[in-house]
2 protein chains.
Amino acid sequence: MCVPMPGLLTALAVVFGTAVAFAPVPRITWEHREVGLVHFHEPGIFNYSTLLLSEDKDTLYVGAREAVFAVNALHIAEKQHEIYWKVSEDKKLKCADKGKSKQTECLNYIRVLQPLDANTLYVCGTNAFQPTCDHLSLTPFKFLGKNEDGKGRCPFDPAQSYTSIMVDGELYSGTSYNFLGSEPIISRHSSQSPLRTEYAIPWLNEPSFIFADVIRRNLSDAEGQDDKVYFFFMEVSVEYEFVFKLMIPRIARVCKGDQGGLRTLQKKWTSFLKARLICSKPDSNLIFNILRDVFVLRGPWLKEPVFYAVFTPQLNNMGLSAVCAYNLSTVEEVFSHGKYMQSTMVEQSHTKWVRYNGEVPKPRPGACINNEARAANFTSSLNLPDKTLQFVKDHPLMDDSVIPTDGRTQLIKKDVNYTQIVVERVQALDRTIYDVMFLSTDRGALHKAISLENDMHIIEETQLFQDFEPVHTLLLSSKKDKKFVYAGSNSGVVQAPVAFCRKHSTCVACVLARDPYCAWNPHASVCVALHQEHVSGRGLIQDVRGGVSACPDRVKESYGQHFFKHGGTAELKCSQKSNLARVVWKFQNGMVKADSPKYILVGGKNLLIFNLSKEDSGVYQCLSEEMVKNKTVSQVLAKHVLEVQLLS
Amino acid sequence: MCVPMPGLLTALAVVFGTAVAFAPVPRITWEHREVGLVHFHEPGIFNYSTLLLSEDKDTLYVGAREAVFAVNALHIAEKQHEIYWKVSEDKKLKCADKGKSKQTECLNYIRVLQPLDANTLYVCGTNAFQPTCDHLSLTPFKFLGKNEDGKGRCPFDPAQSYTSIMVDGELYSGTSYNFLGSEPIISRHSSQSPLRTEYAIPWLNEPSFIFADVIRRNLSDAEGQDDKVYFFFMEVSVEYEFVFKLMIPRIARVCKGDQGGLRTLQKKWTSFLKARLICSKPDSNLIFNILRDVFVLRGPWLKEPVFYAVFTPQLNNMGLSAVCAYNLSTVEEVFSHGKYMQSTMVEQSHTKWVRYNGEVPKPRPGACINNEARAANFTSSLNLPDKTLQFVKDHPLMDDSVIPTDGRTQLIKKDVNYTQIVVERVQALDRTIYDVMFLSTDRGALHKAISLENDMHIIEETQLFQDFEPVHTLLLSSKKDKKFVYAGSNSGVVQAPVAFCRKHSTCVACVLARDPYCAWNPHASVCVALHQEHVSGRGLIQDVRGGVSACPDRVKESYGQHFFKHGGTAELKCSQKSNLARVVWKFQNGMVKADSPKYILVGGKNLLIFNLSKEDSGVYQCLSEEMVKNKTVSQVLAKHVLEVQLLS
């Protein structure tokens, strides 16, 4: 059977009349067994959905179904601690009585795993549709038995969406508040000032919660801003009307200093504002409105945090994914100066949403308390005038949208459903900065991609999970010398290095990988990872744009010598990893026509020569030809000397 | 090089993580050279956009750029007449002065070719942005030089959409009325009663015209209904609000007896109503809103005409097409009893469309004059009360949608963009009725499909045009013994038979084709077309569900005998057309493992055996295994007797 091979995707695209656009092919495909991945999996335990990394302790905490583990973050196969949190038989029966499955739903799915202090984790589980939270002491690794009601912190139903983030000891979460899952809320759990959203369509309309994180105020900021917590979710659109229920991705934010209102919005957010996230390509009629995951890229190199988000389309999705990035300042501009939307009744029975063009009360509804507000004697949200509070209660939705960085998508890829994203900003040898995106798929793979002169280059695809199961969680550890990607699925956790530099055995192969993590060390003749200890940039060769001229020797002249019988068949081998290259064979410097009756190319690589005769003796070379920036880079992959002998 | 082969699509679908759903593969692919197609093309003439068939005369009229031809409909290569209609140099220059291309746009594209009477055709062309119409006498084949102004009958711009239909000597057309293409109208050209649409967004909002046809009144109908002309078009939605401009497919209808209003709607349609056409699969979030073509299926077998329409998605289209069918009665129900939509101003600046729930004036706005209206003394649209006319002027859009037959799509197909459709209702040997759909693609191919127990079966794919150019026009001739499909493209016209029965050389191959046109004649040992002369159903074998048990002999026992040398390589051939089958090889009744070092399958079919020895002598059988209704049907395609001889 002939195996699908490099170049075939393109061929098929032509055969089936599909545009080749949006089909960047990963340059290299690493099969599961080909690369050294470390696994963690406990027999009988499933749904490894929650990962938490302690970089100080080099420990990875893993929340699964009915269990929490601590494993060595540098080698996750090494389990350090484990603790089980099972549902009692009695509770299971009660849950089953309510019509839920005893085998699957009436168990305890860990959904919240957040650091409470240096020695304690905050853990919540669905607990057979009775969400419960506890404190997990790390030394010893034991639950403190708090048995807090987890309502509003953790979903009842393991199938429902959830997100949470611990900020200064208070848990901010987005989840549903009841058994049926019909009461969605975004809330803060705090003994001093618990706050939540209203139950009202304008606030949350059948949402799915995706992600939450805190952005600390800029300490050099003169406006006296507050820390802010951002929520990413989808909900059914109120502003658009479509043939079906249309999902709209949203970003919402609340202020950490929010105390709720005194009369209006008592114990409710006074700072809850939300806006549309746009990720589309209008000239191709592509619209990505199913938000899958968000990653916050931040660091000393960055002027401001950047939100990276991965999307798929809701409509007509035959396997299409996109990545869009959003600058924090763009988001803030919409919330601080954007227009609001208002709802209006039309003909007594239709609610329509339009831009609000009337006067906006002061202080600005939904704004955090800053120096200006304090100067006007609004020192807390409890002081805010009713007019401002009533306005934000009725107008939580902005009319302006959050537009992606550079007004466009970072990446569009056909024939894949991305599920999760993590991003690392990497400096190449020539000091160029690349945002390296790691994208997991619903079939257990990981894509590593960078933007090269506005074109996407997918450096490699790694099959993390042998069984092609969806990746549910992705986590990045980016400490120097300890750079790993952790991926959780239903069956376990996988740890992969951020690059497989050593797999490239020649200088040309190392440079053509166009991987900012990798460079060629010509003295040791090895492709090294730049972030590894003891690696200095001096004398190394790297060109992320793919120029190979700096490579000293383009061929390792290793001949294979073969003797064959007259009339027989020879098979000459050739190994080639790049999906973007094609293999051509030369015989005595002439091209071999591989579809003639004399020759056949097997698997797109190896050459079969039939009916050997004296004239077939000579030197055969296998070359790889790869298009890099519209230039063909050739490299000799193998040389074979064939000698055909008359039968003795 | 290894060629893409049967089964590979499935393999790739798995490799790339895409759903295999919506990917029915044509069972047989006929390459352009493989089948006998007749071509018509005149050197130097392009854009064969308009086809008109005279079944009485067995003549096909072809409207192209600057020329009209009459060809023999039974063999279109045989040209009967030709006449040229070129633009004068002077006119070309004037057109070029207005910024249009002299080489392409400032020519005369024939866009209307309609029968006026038995000896005259009505012809209009774009005529260098000065649309002009003329009468073409058939004997002799000559223009009468009428030089009528073609405004509103034919577009100015060859790139713009158009449709027209001649009804009782009056031309009904949908096109644009001005040079810029900014004034779309649907009109009737009549010396007695010319009528047209209003220039207003509620009537037509940036439409693209696709198709028009007349449905005659049912003569047995007691209501005294009128003949009706239906227009199919798309326009920018007013009722939905979306991130982009959303196109909505529409069906509109006018009454032949419409005379316009006396004061209100003077010389305008009083019977113009339009409704949404729905073609979607909500459970998969598929929405098809780009209407490509419509075909009216009618005939003595049918209770009522059925509109077959082919669609592609506007949003996120990576190559996806669908067919939906609509019963005339469903359409009529919407127009006769459906709710209307109304537009309302919201907050002074937004127009929103909602269902109109108020009182509807009588007679019903937009209705044709029927017996009931006549009885109430409304004998003509000129008598209609102002209230009715004003209402239909403001409310031409229905709130109810036209739902497809059985509430679902007939066919959804991935990796293809269908452009045109024709349908024939065919009775199989067992008297089961099949609607055979012929669908052309944007890459010059034709698919023939039927619905088999709610699954689509694409019987075959025929490459009509070698250069993979889009098919612009499709026409069906369905007279017994003269059944052909005619396809027009930019380069020419192709005539294809509706079936290639004779290509199936065995009973099993003939029956497995599952083609209602074909049956096996066991006496003559030939696969015959049922619609051909002198073919009677008696004794023939056909089973469109694919049961092959009636076939008398499952194997033609024709052995190939081969002698090979010891140590050599043998290639055993096998020919297999079905893309749904796979080839397996047997040696002495054991299965051959084709990926072992000993054997290789070339092109998925032929068997290579290496390093021959005495033990390889024996009988090799090539079998095809095809899944038919979850049962595997095996057939022996070839037998080879191999004898390996020691070198003499």
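## Charges over rings

A charge sits over a ring if NZ of Lys or CZ of Arg is within 6 Å of the ring centre and within 35 degrees of the ring normal. In this predicted model, the charged end of Arg196(A) sits over the ring of Tyr177(A), 5.1 Å from the ring centre. Arg196(A) also lies over the face of Tyr199(A), at 4.5 Å from that ring's centre.

## How to read the numbers

Residues are numbered from 1 along each chain as its sequence is written, and chains are lettered from A and ligands numbered from 1 in the order in which they are written.

## Aromatic pairs

Rings of Phe, Tyr and Trp (its six-membered ring) pair if their centres lie within 6.5 Å. Planes under 30 degrees apart count as stacked, over 60 as edge-to-face and the rest as tilted. Over all chains, the structure holds 40 aromatic pairs. Take Phe209(A) and Phe233(A): their ring centres are 6.1 Å apart and their planes stand at 50 degrees, so this pair is tilted. Phe209(A) lies in strand β16 (residues 208–215) of chain A and Phe233(A) in strand β17 (residues 228–236) of chain A, so the pair ties together parts that are 24 residues apart in sequence. Helices (H or I, at least four residues) and strands (E, at least two) are DSSP runs, numbered from the N terminus.

Phe209(A) is buried, at 4%. Phe233(A) is buried too, at 0%. Elsewhere, ring pairs link Tyr240(A), Phe242(A), Phe244(A), Tyr240(B), Phe242(B) and Phe244(B) into a cluster.

## Disulfides

A disulfide is a pair of cysteine sulfur atoms within 2.5 Å. The structure holds 16 of them over all chains. One joins Cys95(A) and Cys106(A), with sulfur atoms 2.0 Å apart. Its angle about the S-S bond is -80 degrees, and the link is left-handed. Cys95(A) sits in helix α2 (residues 89–97) of chain A, and Cys106(A) in the loop between α2 and β7 (110–117) of chain A, eleven residues apart. Both ends are buried: Cys95(A) has a relative accessible area of 3%, and Cys106(A) has 0%.

In chain B, a disulfide joins Cys95(B) to Cys106(B), S to S 2.0 Å. This link is left-handed, with -80 degrees about the S-S bond. Cys95(B) lies in helix α2 (residues 89–97) of chain B and Cys106(B) in the loop between α2 and β7 (110–117) of chain B, so the link ties together parts eleven residues apart in sequence. Cys95(B) counts as buried at 3%, and Cys106(B) is buried at 0%.

Cys510(A) and Cys527(A) form a disulfide with sulfur atoms 2.1 Å apart. The torsion about their S-S bond is about 70 degrees, so this disulfide is right-handed. Cys510(A) counts as buried at 2% relative accessibility, and Cys527(A) at 0%.

Cys154(A) is buried, at 0%. Cys154(B) is in no disulfide; the nearest cysteine sulfur, in Cys124(B), is 5.7 Å away. Cys154(B) counts as buried at 0% relative accessibility.

## A sheet in chain B

Strands of a sheet pair through backbone hydrogen bonds, either parallel or antiparallel. Two strands pair here if DSSP finds at least two bridges between them. One open sheet of chain B has four strands in the order β22-β23-β24-β27, with antiparallel pairing. Strands β22 (290–297) and β27 (411–414) of chain B stand at the edges with a single partner each, so one side of each has no neighbour in the sheet. On average, neighbouring strands are turned by 15 degrees against each other, direction ignored.

Strand β24 (residues 320–327) of chain B pairs with β27(B) over four bridges. The bridge partner of Ala322(B) in β27(B) is Ile412(B). Helix α3 (residues 328–337) of chain B lies across β23 (306–312) and β24 of chain B. This helix runs at about 75 degrees to β24(B). Contact means heavy atoms within 4.5 Å. Axes are lines fitted to C-alpha atoms, for helices over the stretch in contact, and angles run from 0 to 180 degrees between N-to-C directions.

Key: This is a predicted model: local features need pLDDT of at least 70, side-chain atom pairs count only at pLDDT 80 or more; totals for chains, interfaces and linings use all residues. Side-chain values use heavy atoms; hydrogens and water are left out. Buried means under 20% relative accessible area, exposed over 50%, partly exposed in between (1.4 Å probe, protein chains only).
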